[in-house]
Amino acid sequence: MAPASRTAVAEENAMEEHFVWVTTRRIQPGTLEDVERAWRPATRPQGMRRAFAYWSEDGDEITGVSFWDSKEACDSWRASEPELRRRAAMAPYVVAELEDFYRGRELGIPGGTPD
């Protein structure tokens, strides 16, 4: 392994580990705005650091990515009454759903940070 590669790997190993929940939903055509309204929780879930939503070009698929303090914090939110209500509000628009919990860290990309 080249010295620069070893340095990048060492930096990645030293970076903060992230706890991430990813959910991808295939939704009924034309319902993206409805799903987005139902998607947002009324209050910030305890232990959630950040959340992002990404949607397909045709608007028929939406992926949520949320970063958590721990898997336990995420599991606690997922079992909460507000989350159950939020999922019930989205249910009429959802055709299929895939979700899972991940651990990881930022990758060190050669050349530094983008401008």
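Start with Thr63. Thr63 sits in strand S3, residues 61-68. Strands here are DSSP E runs of at least two residues, helices are H or I runs of at least four, and both are numbered from the N terminus. Before going on, two words on the source. This is a predicted model, where local features need pLDDT of at least 70, side-chain atom pairs count only at pLDDT 80 or more, and totals for chains, interfaces and linings use all residues. Residues are numbered from 1 along each chain as its sequence is written, and side-chain values use heavy atoms, with hydrogens and water left out.

Is Thr63 buried or exposed? Buried, with a relative accessible area of 18%. The cut-offs: buried is under 20% relative accessible area, exposed is over 50%, partly exposed is in between, with a 1.4 Å probe and protein chains only.

What does Thr63 touch? Leaving out residues up to four places away in sequence, the list is Val22, Thr23, Thr24, Trp39, Phe52, Ala53 and Tyr54. Contact means heavy atoms within 4.5 Å. With Thr24 there is also a side-chain polar contact of 3.0 Å. That term means a pair of N or O atoms within 3.5 Å; within protein, one must be able to donate a hydrogen and the other to accept it, and residues adjacent in sequence count only if both atoms are side-chain atoms.

Now look across to Glu97. Glu97 brings us to the charges. Arg25, Arg78, Glu83, Arg86, Arg87, Glu97 and Glu99 are linked in a network of salt bridges. A salt bridge is a side-chain nitrogen of Lys or Arg within 4 Å of a carboxyl oxygen of Asp or Glu. The whole structure has twelve.

First, Glu99 and Arg78, at 2.7 Å, N to O. This pair links distant parts of the chain: Glu99 is in strand S4 (residues 94-104), Arg78 in helix H3 (residues 71-78), 21 residues apart. Glu99 is partly exposed at 26%, and Arg78 is partly exposed at 27%.

Next, Glu83 and Arg87, with the closest N and O atoms 2.8 Å apart. Both are in helix H4, residues 81-90, four residues apart, about one turn of the helix. Glu83 is buried at 2%. Arg87 is partly exposed at 21%.

Last, Arg87 also bridges to Glu99, at 3.1 Å between the closest N and O atoms. That ties helix H4 to strand S4, across twelve residues.
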